[in-house]
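Subject: Structure handover and findings

Hello,

Here is the structure I promised to pass on. Please open it alongside this email; my notes follow below.

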Amino acid sequence: MTLAPERPATAPTTPTRAVNSRLSVESATDRPQRAPKTSSSLPANPAAHLTPEQIEEIGRELDAIRAEVMDSRGAKDAAYIRKVIKTQRYLEMGSRAVLLFSGVKVKGFRPAWWLGTAGLSAAKILENMEIGHNVMHGQWDWMRDPKIHSTQWEWDNASPSKQWKHSHNELHHTFTNVLGRDNDLGYGILRVDEDQPWTLFYLFQPVWHVGNALLFEYGIAAYDLELGGYLAKRKRMSAEDKAAWRTEAMEVVAKVKRQVTRDYVVHPAMSLPTGSARTTITANLVANLVRNVWTNTVIICGHFPPGIAVFEKTSIEGETRGEWYLRQMLGSGNLTGSKAMHVMTGNLSHQIEHHLFPDMPSNRYAEIAPRIRDLMDRYDLPYVTGSLAKQSASVYWKVVQLSLPNKVEGRRRRDVVLKAARHFARTGNLGRRY
Amino acid sequence: MSTSTLTRPTPPWRLRVRDGLVGLAEALTTPLVPGDYLDLISPLRAGADLRARIVSITSETADAATITLRPSRAWRGHRPGQYIRVGIDIDGVRNWRAYSLTHAPTADGTISITTKAIPEGKVSNHLVRDARPGTMVMLDQATGDFTLPAPLPEKVLFLTAGSGITPVMGMLRHYLGDLADVVHVHAAPTRSAVIFGGELRSYAAAGRIRFHEHHDDVDGILDLADLDRIVPDWHEREVWTCGPTGLLDAAEAHWAAAGLADRHHVERFRPTVIEPGEGGTVTFDRSARTIDADGGTPILDAGEDAGLLMPSGCRMGICFGCVVTLREGAVRDLRTGDLTIAEPGDDLPIQTCVNAAAGACHLDL
Ligand SMILES: Cc1cc2nc3c(=O)[nH]c(=O)nc-3n(C[C@H](O)[C@H](O)[C@H](O)COP(=O)(O)OP(=O)(O)OC[C@H]3O[C@@H](n4cnc5c(N)ncnc54)[C@H](O)[C@@H]3O)c2cc1C
Ligand code: FES
């Protein structure tokens, strides 16, 4: 078992039955060690030089860091999240109040619109990132406050929290960057790694990417619902599965309806007396777009910039906790920036630390970041980090580059694209792999 | 106590307007509820959850203090002798404990509890030594049947020890004028350790009760056989007993032996004692199933092996997809060895994939 050092633990060291291998940092003796397969965009597997013992040792060090921080959670942390929630709610109320006068012109300019829209955008970003995302990760469950608990939280986003928690916490965080298991890898509409096969669909991915960023909350909802999978598989699905899917889809529709009514009907109606209904609609629209583009930009920087590894399905069978930790470190990238920037990214600027310890309170990531970086340096592992501008530009560039098929000796990319186009013209099929 | 039965019913049009306004407020605040915002501004308003602000903390003895609380408008009142559950944040974590209400009738709507710090006690020491006026705590409505009946009995005996005096003090402060014949036998280590000692002695001096103090440090442990001497008519009295388990068990046996068990009312401050061990039975309350689970197997695996439909996700403690409410019992985190103990009413959410049974557990599943 994986007992953190210096704990009065009495759990038996040999469980009576095989439990999840990831609960232990020790590797089973009969398991062949498989190195993570890394993106061909990297020169070599960045962890190839590590022995199984070293990986176990990394696991132990990380367990110890985790235990240290988790044991020291206390009143200061609780005060932090309460302060963020309070600030967010006052900011939202204040901005919405200001927007009641958003149509009022002063010297040909609408000051309330600008102020209210900026405030509402920031409030929505805070709500989704530093609060919603992190609360739903269970980062604050230890407080035992039912009002700030992963099982109770609902966020200002199209995707109902229950569905988001499943696809995000469970699938994405367990199978981070595993081709074919982690759908976050390109969200099913982007080719972000050369090892993802190319299809004609990806030729237009710069357009899909920008569209996805603008409508990110709906993209996430559709993706949490596995809309793509449903459309592709629905003919083969059992009646039961279909009914279950429909129930979930109705939950999304109901939630979207409530959100849309709030932003585009009820609040604008409140602004009618000052003639500000139309401007309140545009303010909400802009705030939602800003939030969507911002969250999308932050999130793509977490896993898609160059230097971050992807893994093959088989590499994770029977993986130990140490190996899982390794995959999290190699499969994530950070962002540099000010304290305010970290808060506005929901501390996903510490994506590496977050992926190692998804349930650690986000305000503590900054404090462990130097230790994680030191550990990775010691083991000669690449700690990917950069400014938001640099990392997001690199992702946008990658999206453009990978919209074309891979360069292969002896075939011209133009020919592949033309072949795919002819196939599409004949069959109407965009999804053939090349 | 409630007077709401006397208020006139609200006319239907007003109800409809009110529902309409509530609906509008909900539409404005979804996915939150209006209360989430109002709580920031006025946490004790009508319609808010039951909570209270600590108004003052007054020390009673070296290790006991009275905490006066201003409850929110949701407070429904109590019957003297009843207790409330208080949820207070200590080191960022909410802890719930039961405390008997001790206040006299008040004009300002405040209520109070009196807590004795016990060695190693987390909440009791916090309340007595560290808590500060202004702090917000969560409450549950008053409950319990350790109360006086109506009409009040002719002859009453209160038998208390240590902090067990608290529910009795609540009763005395409300009913002293109406009770004709009260004998109160109270045990405490020393004279100065008697909580409310001054007040009780003054009642005795005024001839309103007979107060017998027993000081264990001087007199040794109270022997119930001595009651014949202290309260010769004890078997004619309706008796309310509260104190440590030893006294309660002895008193129950004493009254049962006299064939007077139905006159004996008991309040236990430690109704269940959960002693964590290694493995144990896990009862899935809603599925009405009980299984044996060892101390090294996550409850998730044990439950699934027994054919139960368990919620699950990553199975490694990171997704919180397996969270189930622990109604009562003890579990141990297999990663850290940390124990989580839930007493009845605590209802703690636990991750079944990384927790194993550490004693008999009841899960809400
Ligand atoms: C109906 C009811 C009414 C109560 N009314 C009062 C009251 O008016 N005033 C008051 O001071 N307390 C009262 N209590 C007890 C109170 O709820 C707590 O149990 C007590 O304050 C100890 O909590 P703690 O967090 O300090 O101790 P913990 O940190 O929970 O426990 C520390 C140690 O003390 C032991 N322990 C826990 N509770 C008790 C106990 N009651 N007696 C002896 N040992 C214990 C534990 O097993 C542990 O070893 C009442 C309890 C009940 C059930
Ligand atoms: S199954 Fe993911 S936390 Fe338990």
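One definition first: two residues are in contact if their C-beta atoms, placed from the backbone, lie within 7 Å. With that in hand, take the contacts in chain B between residues at least 6 apart in sequence: 66% of them join residues at least 24 apart. Please keep in mind that this is a predicted model.

Chain B

Chain B contains nine helices and 18 strands. Its C-alpha trace spans about 65 × 60 × 40 Å along the principal axes. Of its 365 residues, 38% count as buried.

The chain is divided into four stretches: domain 1 (14–43), domain 2 (47–144), domain 3 (155–268) and domain 4 (280–363). The C-alpha centres of domain 3 and domain 4 of chain B are 42 Å apart.

The ligand

Where does ligand 1 lie relative to domain 2 and domain 3 of chain B? It lies between them, because both domains give residues to the shell around it. That shell has 23 residues. The closest are B:Gly121, B:Lys122, B:Val123, B:Ser124 and B:Thr166. Three elements of chain B each supply at least two shell residues: strand 4, strand 5 (111–116) and helix 3 (122–130). By class, the shell has eight nonpolar, nine polar and six charged residues.

The contact between the chains

Chain A gives 52 residues to the contact, and chain B gives 37. On the chain B side, the elements that give two or more residues are helix 1 (12–29), helix 2 (34–41), strand 4 (93–100), strand 14 (323–333) and strand 16 (348–351). Helix 2 of chain B has the largest share of that side, with three residues. By class, the side of chain B that touches chain A has 18 nonpolar, nine polar and 10 charged residues.

Chain A

Chain A has 15 helices and two strands. Its radius of gyration is 23 Å, close to the 22 Å that the globule rule gives for 434 residues, so chain A is as compact as a globular protein of that length. Along the principal axes, its C-alpha atoms fill a box of roughly 75 × 65 × 45 Å. Buried residues make up 44% of the chain. Of the contacts in chain A with a separation of 6 or more, 72% are between residues 24 or more positions apart.

Start with helix 5 (residues 205–214) of chain A. In this helix, A:Gln205, A:His209, A:Asn212 and A:Ala213 are buried.

Then go to A:Asn177, in the loop between helix 4 (161–174) and helix 5 of chain A. Is A:Asn177 buried or exposed? It counts as buried, because it has 26 C-beta neighbours inside 10 Å; the cut-off for buried is 20 or more. Leaving aside neighbours within four places in sequence, its contacts include A:Asp182, A:His303, A:Phe311 and A:Arg327. A:Lys313 is 136 residues from A:Asn177 in sequence, yet the two C-alpha atoms are 9.6 Å apart in space.

Best wishes

Technical notes
Residues numbered from 1 in each chain as written. Chains lettered and ligands numbered in written order. Predicted model: local features only at pLDDT ≥ 70, side-chain atom pairs only at ≥ 80, totals over all residues. Helix = DSSP H or I, 4+ residues; strand = E, 2+ residues; numbered from the N terminus. Nonpolar A, V, L, I, M, F, W, Y, C, P; charged D, E, K, R; others polar. Buried ≥ 20, exposed ≤ 12 C-beta atoms within 10 Å, placed from the backbone. Near = placed C-beta within 6 Å. Domains from an automatic or database assignment. Rg over C-alpha atoms; globule rule 2.2 N^0.38 Å.
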